[in-house]
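Q: I would like to learn how to read a model of this kind, feature by feature. Can we take it as a dialogue?

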Amino acid sequence: MAIIDVIVPQLSESISEATLLEWKKKVGEAVTQDETLIEVETDKVVLEVPAPASGVIVEIVEGDGSTVTAEQLLAKIDTEATVGVAAAPAAAEAAPAVAAPAAAESKTVSGVASPAASKILSEKGISAADVAGSGRDGRVTKADAVAASAPAKSVAAPAAPLSVSLDGRPEQRVPMTRLRARVAERLLQSQSENAILTTFNEVNMKAVIDLRNKYKEKFEKEHGIKLGFMSFFVKAAVAALKKYPILNASVDGKDIVYHGYFDIGIAVGSPRGLVVPILRNADQMSIADIEKKIAEFGAKARDGKLTLDELTGGTFSISNGGTFGSMLSTPIINPPQSAILGIHATKDRAVVENGQVVIRPINFFAMSYDHRIIDGREAVLGLVAMKEALEDPQRLLLDL
């Protein structure tokens, strides 16, 4: 018998514990090296725990939903065992052994899914065993998972809202995910520890829209990415932070920490909750660099692939509720940062220019700031600087 331990991956210094989601294998089942055994949810990301070697699971030490710490023992794999061999007594106590199917010695691995497929099936509430795999040896591929539909009697996954009849008064109680609980904790912390005030302004987006319409096709052909608006927002924010460094600062006890770099957090919605990946050294990034990185963050957020490093740090954040149709909001500061910019939906509105009422595409900007260190003057002027940069985007090229 050659026993290999399955342990919790190394976590970030800022993360003390994590939660096990759902084991994809049972005691007595065969596993292949690097096959995902279980996912570990932290307050920032979901990490996959792969099998360190091929063999048979002989013991599961920590069950679904358990709270664990870095490098804690989760399970044991016997690399010399074969399916059908009884598990060790300790394994039997941890979880009941599963009888091997009649075709255990065949090459078919029905019920085994790739990591990407496992995540999709998990979100749909479908077991890999219920999906006919088209991959090698019957493995369930991502395409299989996307095409799969839940059985008629399946129960909605905990993260999904329950579909209920309007004729009754049903209720569903599900625990918060660790990510959702941590987001709630940080938002309450921000409101209780910061003196939050919000300043507003309206931004005429016509110049940016005209510039984008003129170059978007050439831009996409040249850089292989669509030209959006977020890159302009990031560039305008960085320009303002350079002029008013206090907006890019943070509080540490009784000290103010001024940052000589610009790491911009971009709030992104994901199936598991709000995440804020970081654009490192955003001042050194081109428009194309920013667009590519934001697209990468969006894809990783959907697939749960954002790393701890990508979610750690940040000196200023941008939240774009306009993608969901928001007209106006007061964003909450992301600690330990001291300011956050809220962007909303751009709509045609009647405005006055040179004494005449004209129609312009207007976006309402809101910047929340920590009044303990940021005075109203710097906050208002900072937001005005962003407004001016977007209403005359050539200023960004000339560093004006």
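Q: Leaving aside its neighbours within four places in sequence, which residues is S231 in contact with?
A: This is a predicted model, and contacts are read from it as heavy atoms within 4.5 Å. Beyond four places in sequence, S231 touches I287, I290 and E291. S231 itself sits in helix α6. Its C-alpha atom is separated by 9.6 Å from that of M285, 54 residues apart along the chain.

Q: Is S231 buried or exposed?
A: Buried means under 20% relative accessible area. S231 has a relative accessible area of 0%, so the residue counts as buried.

Q: How many residues of α6 are buried?
A: The helix is mostly covered, with 11 of its 14 residues buried. Among them are M230, F232, V234 and L241. As for its length, α6 reaches 20 Å from its first C-alpha to its last, close to the 20 Å expected at 1.5 Å a residue.

Q: How many aromatic pairs does the structure hold?
A: A pair of aromatic rings is described by the distance of the centres and the angle of the planes. The structure holds one such pair. F233 and F365 form it, with 5.7 Å centre to centre and 80 degrees between the planes, which is an edge-to-face arrangement. Distant parts of the chain are linked by the pair: F233 belongs to helix α6 (residues 230–243) and F365 to strand β19 (residues 356–370), 132 residues apart. Both F233 and F365 are buried.

Q: Where is D283 found?
A: D283 is in the loop between β15 (278–279) and α7 (287–303). Its relative accessible area is 26%, so D283 is partly exposed. Leaving aside neighbours within four places in sequence, D283 is in contact with K235, V238, K242 and F262. The C-alpha atoms of D283 and K242 are separated by 9.3 Å, and these residues are 41 apart along the chain.

Q: What order do the strands have in the open sheet of four strands?
A: Strands of a sheet pair through backbone hydrogen bonds, either parallel or antiparallel. In this sheet the order is β5-β4-β2-β7, with antiparallel pairing. The edge strands are β5 (46–50) and β7, each of which pairs on one side only.

Q: How many bridges join β4 to β5?
A: Strand β4 (residues 36–41) and β5 run antiparallel and are joined by five bridges. To place one of them, T36 has P50 in β5 as its bridge partner.

Q: Which strands does β16 run parallel to?
A: Three bridges join β16 to strand β12 (residues 264–266), and the two run parallel. Across these strands, I264 stands opposite F316 in β16. Four bridges join β16 to strand β17 (residues 339–343), again in parallel. There, S317 has I340 in β17 as its bridge partner.

Q: Why is β16 described as largely enclosed by the rest of the structure?
A: Strand β16 (residues 316–320) has four of its five residues buried, so the rest of the structure largely encloses it.

Q: Where does S66 lie?
A: S66 is in the loop between β6 (55–60) and β7 (67–68). Its relative accessibility is 17%, so S66 counts as buried. The side chain of S66 reaches the backbone oxygen of G63 at 2.8 Å. Leaving aside its neighbours within four places in sequence, S66 is in contact with A18, T19 and L20.

Q: What describes the chain as a whole?
A: The chain has nine helices and 19 strands. Of its 400 residues, 41% count as buried. Among contacts between residues at least 6 apart in sequence, 64% join residues at least 24 apart.

Q: What pLDDT does the chain average?
A: The average pLDDT is 82, and 79% of the residues score at least 70. Over residues 85–110 the pLDDT is below 50, and this stretch has 26 contacts in the model beyond near neighbours in sequence. Residues 151–160 also stay under 50, with six contacts beyond four places in sequence. Where pLDDT is low, the predicted coordinates should not be read in detail.

Technical notes. Residues numbered from 1 in each chain as written. Heavy atoms only, no water. Buried < 20%, exposed > 50% of the residue type's maximum accessible area, 1.4 Å probe, protein only. Polar contact = N/O pair within 3.5 Å; in protein donor to acceptor, adjacent residues only side chain to side chain. Pairing = 2+ DSSP bridges. pLDDT = per-residue confidence, 0-100. Phe/Tyr/Trp six-rings, centres within 6.5 Å; stacked < 30°, edge-to-face > 60°. Expected span 1.5 Å × (residues − 1).
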